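Reader: I have some questions about the terms used for this model. Please set each value against its cut-off.

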Amino acid sequence: MNAYYEELKTYIEKSAALGTALSMLHWDNETLAPEEAIKNTSGVLGILSGEYYHTAVNDKVMELLEKLSQPKEQETLDWKEKAIVKNMAKDIEKIKVIPAEEYMEFEALTSEAAAIWAKAKQNDDYASYMPTLDRIIEIQKKFAGYRAKEGQKLYDILLDDYEEGFTTKELDEFFGRIREAVVPLLAKVREKGEVDKSYNERFFASDKQAEFGKFLAEYVGFDFKRGVLAESEHPFTMEFHNHDVRITTHYYENNLESSIFSIIHEAGHALYEMGVSDELTLTPVGSGTSMGMHESQSRFYENMLGRSKAFWTPIWDKLKDTFPESLCDVSLDQFIAGINKAEPGFIRTESDELTYSLHIMVRYEIERMIFNNEIETKDLPKVWNEKYQEYLGMTPPNDRLGILQDLHWSGGSFGYFPSYALGNAVAAQLYHYMNQKMPIEKLLLESDLSSIREFLKENIHKWGKTKTTNEMLMEITGEPLNAEYYITYLTEKYGK
Ligand code: ZN
(Lines give C-alpha, C1' and ligand atoms only; values in the text may rest on other atoms or scores of the structure.)
Protein backbone atom coordinates (compact mmCIF):
# COMPACT_ATOMS: atom_id res chain seq x y z
CA MET A 1 0.00 0.00 0.00
CA ASN A 2 1.10 3.58 -0.68
CA ALA A 3 2.91 4.91 2.41
CA TYR A 4 1.17 8.29 2.28
CA TYR A 5 -2.18 6.57 2.02
CA GLU A 6 -1.27 4.31 4.93
CA GLU A 7 -0.72 7.41 7.02
CA LEU A 8 -3.91 9.07 5.81
CA LYS A 9 -5.79 5.94 6.79
CA THR A 10 -5.11 6.49 10.50
CA TYR A 11 -6.85 9.88 10.24
CA ILE A 12 -9.72 8.37 8.28
CA GLU A 13 -10.27 5.68 10.87
CA LYS A 14 -10.13 8.08 13.77
CA SER A 15 -12.54 10.54 12.21
CA ALA A 16 -14.92 7.68 11.31
CA ALA A 17 -14.84 6.57 14.95
CA LEU A 18 -15.53 10.08 16.22
CA GLY A 19 -18.22 10.57 13.59
CA THR A 20 -19.93 7.37 14.70
CA ALA A 21 -19.82 8.44 18.35
CA LEU A 22 -21.28 11.85 17.45
CA SER A 23 -24.07 10.27 15.43
CA MET A 24 -24.90 7.96 18.30
CA LEU A 25 -25.23 10.89 20.70
CA HIS A 26 -27.38 12.78 18.21
CA TRP A 27 -29.56 9.73 17.75
CA ASP A 28 -29.93 9.36 21.48
CA ASN A 29 -30.83 13.03 21.90
CA GLU A 30 -33.65 12.67 19.41
CA THR A 31 -35.05 9.42 20.75
CA LEU A 32 -34.29 8.18 24.27
CA ALA A 33 -32.33 10.84 26.15
CA PRO A 34 -34.19 12.31 29.13
CA GLU A 35 -35.31 15.93 28.99
CA GLU A 36 -32.66 17.29 31.34
CA ALA A 37 -29.75 15.60 29.54
CA ILE A 38 -29.29 18.09 26.74
CA LYS A 39 -27.40 20.78 28.67
CA ASN A 40 -24.51 18.53 29.71
CA THR A 41 -24.63 16.38 26.62
CA SER A 42 -24.29 19.39 24.32
CA GLY A 43 -20.98 20.19 26.08
CA VAL A 44 -19.79 16.68 25.32
CA LEU A 45 -20.99 17.03 21.75
CA GLY A 46 -19.10 20.31 21.39
CA ILE A 47 -15.80 18.76 22.47
CA LEU A 48 -16.27 15.69 20.29
CA SER A 49 -17.21 17.83 17.27
CA GLY A 50 -14.04 19.87 17.73
CA GLU A 51 -11.98 16.67 17.84
CA TYR A 52 -13.79 15.35 14.80
CA TYR A 53 -13.17 18.56 12.86
CA HIS A 54 -9.47 18.68 13.70
CA THR A 55 -8.96 15.03 12.86
CA ALA A 56 -10.47 15.51 9.43
CA VAL A 57 -9.06 18.97 8.69
CA ASN A 58 -5.46 19.65 9.69
CA ASP A 59 -2.15 20.53 8.04
CA LYS A 60 -0.94 16.94 7.96
CA VAL A 61 -4.09 15.66 6.26
CA MET A 62 -3.91 18.50 3.73
CA GLU A 63 -0.28 17.71 3.01
CA LEU A 64 -1.03 14.01 2.54
CA LEU A 65 -3.94 14.75 0.24
CA GLU A 66 -1.82 17.14 -1.78
CA LYS A 67 0.82 14.42 -2.27
CA LEU A 68 -1.74 11.72 -3.01
CA SER A 69 -3.35 13.88 -5.69
CA GLN A 70 -0.13 13.85 -7.75
CA PRO A 71 -0.29 11.61 -10.85
CA LYS A 72 2.69 9.53 -9.70
CA GLU A 73 1.00 8.62 -6.41
CA GLN A 74 -2.42 8.24 -8.01
CA GLU A 75 -1.03 5.39 -10.11
CA THR A 76 -0.38 3.35 -6.99
CA LEU A 77 -3.90 3.75 -5.55
CA ASP A 78 -6.80 1.40 -6.18
CA TRP A 79 -10.25 2.67 -7.28
CA LYS A 80 -11.50 2.92 -3.74
CA GLU A 81 -8.50 4.84 -2.45
CA LYS A 82 -8.66 7.20 -5.42
CA ALA A 83 -12.30 7.94 -4.67
CA ILE A 84 -11.52 8.59 -1.00
CA VAL A 85 -8.65 10.98 -1.79
CA LYS A 86 -10.76 12.84 -4.35
CA ASN A 87 -13.69 13.16 -1.96
CA MET A 88 -11.58 14.34 0.98
CA ALA A 89 -9.66 16.83 -1.15
CA LYS A 90 -12.91 18.29 -2.40
CA ASP A 91 -14.34 18.66 1.10
CA ILE A 92 -11.21 20.27 2.46
CA GLU A 93 -11.08 22.66 -0.48
CA LYS A 94 -14.47 23.95 0.61
CA ILE A 95 -13.50 24.56 4.20
CA LYS A 96 -9.94 25.79 3.98
CA VAL A 97 -10.75 29.01 2.11
CA ILE A 98 -12.95 30.12 5.01
CA PRO A 99 -11.06 31.80 7.89
CA ALA A 100 -11.43 29.72 11.06
CA GLU A 101 -12.91 32.53 13.17
CA GLU A 102 -15.57 33.25 10.55
CA TYR A 103 -16.42 29.57 10.40
CA MET A 104 -16.84 29.49 14.17
CA GLU A 105 -19.01 32.59 14.17
CA PHE A 106 -21.22 30.91 11.62
CA GLU A 107 -21.44 27.70 13.68
CA ALA A 108 -22.41 29.68 16.77
CA LEU A 109 -24.92 31.79 14.84
CA THR A 110 -26.69 28.82 13.26
CA SER A 111 -26.92 26.84 16.48
CA GLU A 112 -28.52 29.86 18.15
CA ALA A 113 -30.72 30.47 15.12
CA ALA A 114 -32.60 27.18 15.54
CA ALA A 115 -34.16 28.41 18.78
CA ILE A 116 -34.87 31.91 17.39
CA TRP A 117 -36.56 30.37 14.37
CA ALA A 118 -38.60 27.94 16.51
CA LYS A 119 -39.84 30.78 18.70
CA ALA A 120 -40.64 33.02 15.74
CA LYS A 121 -42.58 30.17 14.14
CA GLN A 122 -44.51 29.53 17.32
CA ASN A 123 -45.39 33.23 17.67
CA ASP A 124 -45.87 33.80 13.95
CA ASP A 125 -43.35 36.61 14.21
CA TYR A 126 -41.07 36.84 11.17
CA ALA A 127 -39.72 40.23 12.29
CA SER A 128 -38.03 38.68 15.34
CA TYR A 129 -36.21 36.16 13.15
CA MET A 130 -35.43 38.47 10.24
CA PRO A 131 -32.13 39.98 11.55
CA THR A 132 -30.72 36.48 12.29
CA LEU A 133 -31.75 35.15 8.90
CA ASP A 134 -30.32 38.23 7.25
CA ARG A 135 -26.96 37.68 8.95
CA ILE A 136 -26.94 33.98 7.96
CA ILE A 137 -27.59 34.94 4.35
CA GLU A 138 -24.88 37.58 4.47
CA ILE A 139 -22.32 35.06 5.76
CA GLN A 140 -23.35 32.37 3.28
CA LYS A 141 -22.89 34.87 0.46
CA LYS A 142 -19.46 35.74 1.78
CA PHE A 143 -18.45 32.06 2.12
CA ALA A 144 -19.69 31.25 -1.37
CA GLY A 145 -17.73 34.28 -2.57
CA TYR A 146 -14.52 32.85 -1.10
CA ARG A 147 -15.12 29.63 -2.99
CA ALA A 148 -16.32 31.11 -6.29
CA LYS A 149 -14.20 30.75 -9.37
CA GLU A 150 -14.16 33.55 -11.94
CA GLY A 151 -17.68 34.16 -13.24
CA GLN A 152 -19.26 31.42 -11.12
CA LYS A 153 -22.70 32.19 -9.64
CA LEU A 154 -22.85 32.10 -5.84
CA TYR A 155 -25.97 29.94 -5.79
CA ASP A 156 -24.33 27.38 -8.10
CA ILE A 157 -21.65 26.81 -5.49
CA LEU A 158 -24.23 26.01 -2.83
CA LEU A 159 -26.25 23.77 -5.15
CA ASP A 160 -23.15 21.75 -5.96
CA ASP A 161 -22.68 20.93 -2.26
CA TYR A 162 -25.89 18.90 -2.30
CA GLU A 163 -25.93 17.57 -5.85
CA GLU A 164 -22.73 17.59 -7.85
CA GLY A 165 -23.12 18.76 -11.41
CA PHE A 166 -26.47 20.50 -10.98
CA THR A 167 -26.39 24.26 -11.41
CA THR A 168 -29.04 26.93 -11.91
CA LYS A 169 -28.84 26.20 -15.64
CA GLU A 170 -30.02 22.59 -15.20
CA LEU A 171 -32.45 23.49 -12.43
CA ASP A 172 -34.05 26.41 -14.30
CA GLU A 173 -34.80 23.98 -17.09
CA PHE A 174 -35.98 21.32 -14.68
CA PHE A 175 -38.36 23.56 -12.76
CA GLY A 176 -39.45 25.22 -15.99
CA ARG A 177 -40.79 21.85 -17.17
CA ILE A 178 -42.43 21.20 -13.79
CA ARG A 179 -44.13 24.60 -13.88
CA GLU A 180 -45.47 24.08 -17.42
CA ALA A 181 -46.80 20.61 -16.69
CA VAL A 182 -47.81 20.52 -13.03
CA VAL A 183 -49.47 23.92 -12.48
CA PRO A 184 -52.20 23.31 -15.12
CA LEU A 185 -52.57 19.66 -14.06
CA LEU A 186 -53.18 20.72 -10.46
CA ALA A 187 -55.86 23.18 -11.56
CA LYS A 188 -57.66 20.32 -13.35
CA VAL A 189 -57.34 17.93 -10.40
CA ARG A 190 -58.83 20.59 -8.10
CA GLU A 191 -61.87 20.97 -10.33
CA LYS A 192 -62.49 17.23 -10.14
CA GLY A 193 -63.69 17.39 -6.56
CA GLU A 194 -63.17 15.52 -3.35
CA VAL A 195 -61.92 12.10 -2.40
CA ASP A 196 -63.28 11.08 1.00
CA LYS A 197 -60.50 9.93 3.29
CA SER A 198 -62.08 10.76 6.63
CA TYR A 199 -61.30 7.17 7.72
CA ASN A 200 -57.68 8.28 8.15
CA GLU A 201 -58.62 10.45 11.12
CA ARG A 202 -60.29 7.70 13.13
CA PHE A 203 -58.58 6.16 16.17
CA PHE A 204 -55.47 4.07 15.52
CA ALA A 205 -53.73 3.01 18.76
CA SER A 206 -50.00 3.76 18.84
CA ASP A 207 -49.00 0.27 19.93
CA LYS A 208 -50.97 -1.24 17.06
CA GLN A 209 -49.37 1.21 14.62
CA ALA A 210 -45.96 0.26 16.00
CA GLU A 211 -46.73 -3.42 15.49
CA PHE A 212 -47.82 -2.86 11.90
CA GLY A 213 -44.92 -0.44 11.29
CA LYS A 214 -42.39 -3.08 12.28
CA PHE A 215 -44.04 -5.56 9.94
CA LEU A 216 -44.04 -2.99 7.14
CA ALA A 217 -40.37 -2.06 7.54
CA GLU A 218 -39.43 -5.73 7.41
CA TYR A 219 -41.74 -6.26 4.45
CA VAL A 220 -39.83 -3.74 2.31
CA GLY A 221 -36.52 -5.27 3.38
CA PHE A 222 -35.35 -3.37 6.47
CA ASP A 223 -33.09 -5.77 8.33
CA PHE A 224 -33.70 -5.62 12.09
CA LYS A 225 -30.42 -7.41 12.76
CA ARG A 226 -28.71 -4.34 11.32
CA GLY A 227 -31.20 -1.66 12.17
CA VAL A 228 -33.53 -0.15 14.74
CA LEU A 229 -36.93 1.52 14.46
CA ALA A 230 -37.67 4.07 17.20
CA GLU A 231 -39.89 7.07 17.84
CA SER A 232 -38.98 10.74 17.57
CA GLU A 233 -40.72 14.08 17.04
CA HIS A 234 -39.83 14.13 13.34
CA PRO A 235 -38.99 10.97 11.39
CA PHE A 236 -35.39 10.58 10.22
CA THR A 237 -32.71 8.04 9.29
CA MET A 238 -29.28 7.92 10.84
CA GLU A 239 -26.50 5.55 9.87
CA PHE A 240 -23.48 4.65 11.95
CA HIS A 241 -22.21 2.21 9.32
CA ASN A 242 -23.73 -0.38 7.00
CA HIS A 243 -24.45 -2.77 9.87
CA ASP A 244 -26.23 -0.24 12.06
CA VAL A 245 -28.80 2.00 10.42
CA ARG A 246 -31.58 3.52 12.50
CA ILE A 247 -34.91 4.97 11.50
CA THR A 248 -37.60 6.76 13.44
CA THR A 249 -41.26 7.55 13.04
CA HIS A 250 -43.94 9.39 14.97
CA TYR A 251 -47.29 7.78 15.82
CA TYR A 252 -50.35 10.03 15.71
CA GLU A 253 -53.40 8.19 16.96
CA ASN A 254 -55.67 10.16 14.65
CA ASN A 255 -53.59 9.84 11.51
CA LEU A 256 -52.83 6.38 10.18
CA GLU A 257 -51.02 7.42 7.02
CA SER A 258 -48.44 9.55 8.73
CA SER A 259 -46.48 6.71 10.34
CA ILE A 260 -47.10 4.22 7.53
CA PHE A 261 -45.54 6.42 4.88
CA SER A 262 -42.80 7.83 7.05
CA ILE A 263 -41.71 4.27 7.85
CA ILE A 264 -41.65 3.24 4.19
CA HIS A 265 -39.83 6.49 3.35
CA GLU A 266 -37.17 6.14 6.03
CA ALA A 267 -36.78 2.43 5.26
CA GLY A 268 -35.95 3.49 1.68
CA HIS A 269 -33.18 5.71 3.05
CA ALA A 270 -32.03 2.91 5.36
CA LEU A 271 -31.86 0.29 2.60
CA TYR A 272 -29.49 2.61 0.78
CA GLU A 273 -27.14 2.80 3.77
CA MET A 274 -27.44 -0.91 4.58
CA GLY A 275 -26.56 -1.66 0.96
CA VAL A 276 -23.24 0.23 0.94
CA SER A 277 -20.45 -2.31 0.44
CA ASP A 278 -18.34 -3.51 3.38
CA GLU A 279 -15.25 -2.17 1.61
CA LEU A 280 -16.55 1.39 1.72
CA THR A 281 -18.44 1.72 4.98
CA LEU A 282 -16.74 3.85 7.65
CA THR A 283 -14.74 5.72 5.01
CA PRO A 284 -15.43 9.21 3.61
CA VAL A 285 -17.17 7.58 0.62
CA GLY A 286 -19.10 5.06 2.70
CA SER A 287 -22.59 6.54 2.55
CA GLY A 288 -25.15 7.66 -0.01
CA THR A 289 -23.75 9.72 -2.87
CA SER A 290 -25.92 12.81 -2.57
CA MET A 291 -29.05 14.27 -1.03
CA GLY A 292 -30.91 13.89 -4.30
CA MET A 293 -30.00 10.25 -4.80
CA HIS A 294 -30.87 9.50 -1.18
CA GLU A 295 -34.24 11.12 -1.54
CA SER A 296 -34.82 9.17 -4.77
CA GLN A 297 -34.51 5.92 -2.83
CA SER A 298 -36.89 6.94 -0.06
CA ARG A 299 -39.41 8.31 -2.57
CA PHE A 300 -39.13 5.26 -4.78
CA TYR A 301 -40.25 3.06 -1.89
CA GLU A 302 -42.74 5.53 -0.48
CA ASN A 303 -44.43 6.63 -3.70
CA MET A 304 -43.67 4.46 -6.70
CA LEU A 305 -44.06 1.23 -4.71
CA GLY A 306 -45.81 2.20 -1.46
CA ARG A 307 -48.74 4.10 -2.96
CA SER A 308 -49.56 1.48 -5.58
CA LYS A 309 -52.45 -0.93 -5.39
CA ALA A 310 -50.15 -3.84 -6.19
CA PHE A 311 -48.11 -3.10 -3.08
CA TRP A 312 -51.13 -3.08 -0.78
CA THR A 313 -53.08 -5.97 -2.29
CA PRO A 314 -51.15 -8.75 -0.46
CA ILE A 315 -51.02 -6.90 2.88
CA TRP A 316 -54.37 -5.15 2.97
CA ASP A 317 -55.97 -7.86 5.15
CA LYS A 318 -53.10 -7.57 7.58
CA LEU A 319 -53.71 -3.82 7.92
CA LYS A 320 -57.46 -4.35 8.33
CA ASP A 321 -56.90 -7.05 10.95
CA THR A 322 -54.65 -4.69 12.89
CA PHE A 323 -57.41 -2.06 13.01
CA PRO A 324 -60.62 -4.08 12.70
CA GLU A 325 -62.87 -1.32 14.03
CA SER A 326 -61.45 1.76 12.38
CA LEU A 327 -61.08 0.16 8.95
CA CYS A 328 -64.14 -2.13 8.99
CA ASP A 329 -66.03 -0.24 6.27
CA VAL A 330 -63.02 0.83 4.19
CA SER A 331 -62.22 -0.99 0.94
CA LEU A 332 -58.79 -1.41 -0.60
CA ASP A 333 -59.82 0.85 -3.49
CA GLN A 334 -60.95 3.55 -1.09
CA PHE A 335 -57.65 3.31 0.77
CA ILE A 336 -55.65 3.55 -2.46
CA ALA A 337 -57.65 6.61 -3.55
CA GLY A 338 -57.09 8.10 -0.10
CA ILE A 339 -53.34 7.67 -0.01
CA ASN A 340 -53.05 9.18 -3.48
CA LYS A 341 -55.31 12.16 -2.93
CA ALA A 342 -53.93 15.42 -4.34
CA GLU A 343 -54.88 18.52 -2.47
CA PRO A 344 -52.90 21.76 -2.35
CA GLY A 345 -51.98 22.88 1.14
CA PHE A 346 -49.57 25.32 2.72
CA ILE A 347 -47.19 22.85 4.36
CA ARG A 348 -44.51 21.13 2.29
CA THR A 349 -44.02 18.14 4.57
CA GLU A 350 -47.73 17.31 4.46
CA SER A 351 -48.10 17.70 0.72
CA ASP A 352 -48.97 15.05 -1.85
CA GLU A 353 -46.84 13.88 -4.75
CA LEU A 354 -48.37 16.27 -7.26
CA THR A 355 -47.95 19.49 -5.30
CA TYR A 356 -44.67 18.57 -3.61
CA SER A 357 -42.42 19.85 -6.38
CA LEU A 358 -44.30 23.15 -6.47
CA HIS A 359 -43.45 23.71 -2.80
CA ILE A 360 -39.81 23.09 -3.69
CA MET A 361 -39.99 25.31 -6.74
CA VAL A 362 -41.07 28.27 -4.57
CA ARG A 363 -38.05 27.74 -2.33
CA TYR A 364 -35.69 27.30 -5.28
CA GLU A 365 -36.82 30.51 -6.95
CA ILE A 366 -36.52 32.46 -3.71
CA GLU A 367 -33.05 31.10 -2.96
CA ARG A 368 -31.95 31.98 -6.46
CA MET A 369 -33.24 35.54 -5.98
CA ILE A 370 -31.44 35.82 -2.62
CA PHE A 371 -28.07 34.81 -4.03
CA ASN A 372 -28.50 36.92 -7.16
CA ASN A 373 -29.08 39.91 -4.84
CA GLU A 374 -32.56 40.40 -6.25
CA ILE A 375 -34.43 40.48 -2.96
CA GLU A 376 -34.05 41.84 0.57
CA THR A 377 -34.63 39.61 3.57
CA LYS A 378 -37.50 41.79 4.80
CA ASP A 379 -39.42 41.15 1.57
CA LEU A 380 -39.15 37.36 1.66
CA PRO A 381 -42.60 36.68 3.22
CA LYS A 382 -44.33 38.83 0.62
CA VAL A 383 -42.62 37.08 -2.31
CA TRP A 384 -43.24 33.68 -0.67
CA ASN A 385 -46.96 34.36 -0.45
CA GLU A 386 -47.18 35.66 -4.01
CA LYS A 387 -45.52 32.52 -5.34
CA TYR A 388 -47.88 30.25 -3.37
CA GLN A 389 -50.79 32.12 -4.89
CA GLU A 390 -49.36 31.79 -8.37
CA TYR A 391 -48.40 28.08 -8.27
CA LEU A 392 -50.70 26.52 -5.70
CA GLY A 393 -53.60 28.92 -5.98
CA MET A 394 -53.63 29.88 -2.31
CA THR A 395 -52.08 32.55 -0.12
CA PRO A 396 -50.81 31.53 3.33
CA PRO A 397 -52.89 33.33 6.01
CA ASN A 398 -49.80 33.82 8.19
CA ASP A 399 -46.03 33.28 8.12
CA ARG A 400 -46.22 30.21 10.31
CA LEU A 401 -48.02 28.46 7.47
CA GLY A 402 -45.73 30.28 5.06
CA ILE A 403 -42.09 31.19 5.17
CA LEU A 404 -41.52 30.16 8.80
CA GLN A 405 -42.47 26.51 8.26
CA ASP A 406 -39.03 25.06 7.40
CA LEU A 407 -35.98 24.78 9.61
CA HIS A 408 -33.42 24.61 6.77
CA TRP A 409 -32.54 28.28 6.26
CA SER A 410 -31.94 28.84 9.97
CA GLY A 411 -29.17 26.23 9.72
CA GLY A 412 -27.69 28.00 6.70
CA SER A 413 -28.81 25.21 4.37
CA PHE A 414 -29.38 27.03 1.10
CA GLY A 415 -29.31 24.87 -2.02
CA TYR A 416 -30.66 21.88 -0.11
CA PHE A 417 -34.34 22.06 -1.12
CA PRO A 418 -33.88 21.35 -4.85
CA SER A 419 -32.43 17.94 -4.00
CA TYR A 420 -35.88 16.87 -2.75
CA ALA A 421 -37.40 17.57 -6.15
CA LEU A 422 -34.46 16.04 -7.98
CA GLY A 423 -34.95 12.93 -5.84
CA ASN A 424 -38.53 12.58 -7.08
CA ALA A 425 -37.36 12.92 -10.67
CA VAL A 426 -34.53 10.40 -10.24
CA ALA A 427 -37.02 7.96 -8.69
CA ALA A 428 -39.39 8.31 -11.65
CA GLN A 429 -36.58 7.76 -14.15
CA LEU A 430 -35.41 4.64 -12.29
CA TYR A 431 -38.96 3.36 -12.03
CA HIS A 432 -39.52 3.78 -15.77
CA TYR A 433 -36.36 1.91 -16.60
CA MET A 434 -36.79 -0.84 -13.99
CA ASN A 435 -40.30 -1.51 -15.26
CA GLN A 436 -38.78 -2.50 -18.59
CA LYS A 437 -36.30 -4.78 -16.86
CA MET A 438 -38.62 -6.52 -14.40
CA PRO A 439 -42.38 -6.87 -13.88
CA ILE A 440 -42.63 -4.57 -10.85
CA GLU A 441 -46.39 -4.81 -10.47
CA LYS A 442 -46.37 -8.60 -10.63
CA LEU A 443 -43.52 -8.80 -8.13
CA LEU A 444 -45.41 -6.56 -5.71
CA LEU A 445 -48.56 -8.65 -6.06
CA GLU A 446 -46.47 -11.72 -5.16
CA SER A 447 -44.95 -9.91 -2.12
CA ASP A 448 -41.56 -10.36 -3.72
CA LEU A 449 -39.51 -7.21 -3.27
CA SER A 450 -36.15 -8.93 -3.33
CA SER A 451 -35.28 -8.45 -7.01
CA ILE A 452 -36.21 -4.76 -6.80
CA ARG A 453 -34.02 -4.39 -3.72
CA GLU A 454 -31.13 -6.31 -5.29
CA PHE A 455 -31.25 -4.18 -8.42
CA LEU A 456 -30.99 -0.96 -6.41
CA LYS A 457 -28.26 -2.39 -4.24
CA GLU A 458 -26.13 -3.61 -7.15
CA ASN A 459 -26.53 -0.48 -9.25
CA ILE A 460 -26.68 2.27 -6.63
CA HIS A 461 -26.35 1.40 -2.96
CA LYS A 462 -23.15 -0.58 -2.90
CA TRP A 463 -21.17 2.18 -4.65
CA GLY A 464 -21.52 4.71 -1.82
CA LYS A 465 -20.10 8.06 -2.90
CA THR A 466 -17.72 6.60 -5.49
CA LYS A 467 -20.08 7.57 -8.32
CA THR A 468 -22.24 10.67 -8.79
CA THR A 469 -26.00 10.61 -9.37
CA ASN A 470 -25.64 11.35 -13.07
CA GLU A 471 -22.90 8.76 -13.52
CA MET A 472 -25.14 6.09 -12.05
CA LEU A 473 -28.16 7.24 -14.04
CA MET A 474 -26.08 7.08 -17.21
CA GLU A 475 -24.98 3.54 -16.41
CA ILE A 476 -28.44 2.34 -15.42
CA THR A 477 -30.72 4.18 -17.82
CA GLY A 478 -28.36 5.33 -20.55
CA GLU A 479 -29.07 9.03 -19.98
CA PRO A 480 -28.48 11.70 -17.34
CA LEU A 481 -31.36 13.01 -15.25
CA ASN A 482 -34.33 13.70 -17.49
CA ALA A 483 -37.36 15.44 -15.94
CA GLU A 484 -39.71 14.03 -18.58
CA TYR A 485 -40.08 10.69 -16.78
CA TYR A 486 -41.29 12.47 -13.69
CA ILE A 487 -43.70 14.67 -15.65
CA THR A 488 -45.07 11.59 -17.46
CA TYR A 489 -45.40 9.72 -14.17
CA LEU A 490 -47.37 12.57 -12.58
CA THR A 491 -49.48 13.24 -15.67
CA GLU A 492 -50.43 9.58 -16.04
CA LYS A 493 -51.17 9.15 -12.36
CA TYR A 494 -53.16 12.32 -11.77
CA GLY A 495 -54.51 12.69 -15.29
CA LYS A 496 -56.78 9.69 -14.66
ZN1 ZN B 1 -36.15 11.71 3.01
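Author: Start with helix α1, residues 3-31: 29 residues, reaching 42 Å from its first C-alpha to its last. This is a predicted model; local features need pLDDT of at least 70, side-chain atom pairs count only at pLDDT 80 or more, and totals for chains, interfaces and linings use all residues. Residues are numbered from 1 along each chain as its sequence is written, and side-chain values use heavy atoms, without hydrogens or water.

Reader: What makes the span of α1 close to the expected one?

Author: The expected span is 1.5 Å times one less than the number of residues. For α1 that gives 42 Å, and the helix reaches 42 Å. Helices here are DSSP runs of H or I with at least four residues, numbered from the N terminus.

Reader: Why is His265 called buried?

Author: Buried means under 20% relative accessible area, exposed over 50%, partly exposed in between (1.4 Å probe, protein chains only). His265 has 9%, so it counts as buried. Glu295, at 5%, is buried too.

Reader: What makes His265, His269 and Glu295 donors of the zinc ion?

Author: Donors are N, O and S atoms within 2.8 Å of the metal (3.2 Å for Na, K and Ca); water is not among the atoms, so sites may look incomplete. The NE2 atoms of His265 and His269 and an OE of Glu295 lie 2.1 to 2.4 Å from the zinc ion. They qualify as donors. Their spacing in sequence is H-x3-H-x25-E. His265 sits in helix α11 (residues 256-275) and Glu295 in helix α12 (residues 291-305), 30 residues apart.

Methods: Helices (H or I, at least four residues) and strands (E, at least two) are DSSP runs, numbered from the N terminus.
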